[in-house]
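Here is a short briefing to read alongside the structure. Please have the sequence and the 3D view at hand as you go through the points.

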Amino acid sequence: MFLEVQLAKAAEAIRKSSYTVAFTGAGVSVESGIPPFRGVDGIWSRYDPRLLEINHFYEKPVESWSLIRDIFYSYFKQARFNRAHEVLARMEAEGLLGCVITQNIDNLHQEAGSRCVYEFHGNSKRLICTRCGESMDSADVDFENIPPYCSHCHGLLKPDFIFFGEGIPPAAFQGSVDAANRARTLIIIGSTGEVMPASQMPYIAKQSGAVIIEVNIEPSRFTSGITDIFLEGKATYVMDLLAGELFP
Ligand code: NAD
């Protein structure tokens, strides 16, 4: 009953909003089979995050690449977008969503049909050559022998997501800040709000007067601070119900 009331409020805020933004974290992809990084079942309980430090990558690329291949090109490869990704794509297509700011690097928003996506931390589906800057699709790269090298200049290839110690891609950062400033409503889905500076985006929106809707299985750092409408539950369940309200 309480969720029903909250859902109706959320749908009303979205319908009234001249510009709505979704801000997504690892939680939106959990039901696609990609675990979060932290927590008991998180990826860091099984792998050493130091292997994803940028200095380590350049010093010991084979070590880093063995983890990268396991997590991002074997495990993540099985993942398919879910109902929550789908609903966001439909909202955009129907003019109810301006863009998605995502912390995720799994490309699932784009695969579900979202067009305007700011990839705050990059994207694992692309690789870049650390020597000539050539960008390529991971599907075209042979991971049999690691580290993989560029077919043009034989430079070391790196996934096009940010490693620990690297800065946010400037275009994604600026696009996200502009979208957050412009937002009249912002929907946070599945984020603890612990990763900076990404977690600042909902605060920027709030300061600009946006209504903050949050979807999560449990309260996050945002919930007691800036969230106006908390929709408690799994992302697929809640977003499916929200779609029912928005597209009756
Ligand atoms: P996080 O791992 O810190 O937190 C995940 C959040 O999702 C938690 O608040 C949790 O309660 C919630 N959650 C878990 N299952 C959920 C579900 N089914 N429905 C709704 N909510 C659910 O995530 P974060 O805040 O995004 O920060 C993690 C960092 O790690 C990010 O920088 C991100 O780039 C990266 N990461 C990305 C992926 C990915 O690409 N899919 C996966 C793991 C981590």
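Lys234 counts as exposed because its relative accessibility is 52%, over the 50% cut-off. Keep in mind that this is a predicted model.

**Around Lys234**
- You will find Lys234 in the loop that runs between strand β9 (229-232) and helix α9 (235-246).
- Setting aside neighbours within four places in sequence, Lys234 is in contact with Glu31 and Ile217.
- Between Lys234 and Glu218 the C-alpha to C-alpha distance is 9.2 Å, with 16 residues separating them in sequence.

**How the chain is divided**
- The domain assignment gives domain 1 as 1-33 + 81-121 + 167-248, and domain 2 as 35-78 + 124-161.

**Where the domains meet**
- On the domain 1 side, twelve residues are in contact with ten residues of domain 2.
- Together the two domains bury about 830 Å² between them, and 51% of that is on carbon and sulfur atoms.
- Two salt bridges are counted between domain 1 and domain 2.
- Lys125 forms a salt bridge with Glu111, and their closest N and O atoms are 3.4 Å apart.
- Three residue pairs are in polar contact between domain 1 and domain 2, both residues being at pLDDT 80 or more.
- Sorted by class, the side of domain 1 that touches domain 2 has four nonpolar, four polar and four charged residues.

How values were computed
Residues numbered from 1 in each chain as written. Predicted model: local features only at pLDDT ≥ 70, side-chain atom pairs only at ≥ 80, totals over all residues. Heavy atoms only, no water. Domains from an automatic or database assignment. Contact = heavy atoms within 4.5 Å. Buried area = accessible area lost by both parts, 1.4 Å probe. Salt bridge = Lys/Arg side-chain N within 4 Å of Asp/Glu carboxyl O. Polar contact = N/O pair within 3.5 Å; in protein donor to acceptor, adjacent residues only side chain to side chain. Nonpolar A, V, L, I, M, F, W, Y, C, P; charged D, E, K, R; others polar. Helix = DSSP H or I, 4+ residues; strand = E, 2+ residues; numbered from the N terminus. Buried < 20%, exposed > 50% of the residue type's maximum accessible area, 1.4 Å probe, protein only.
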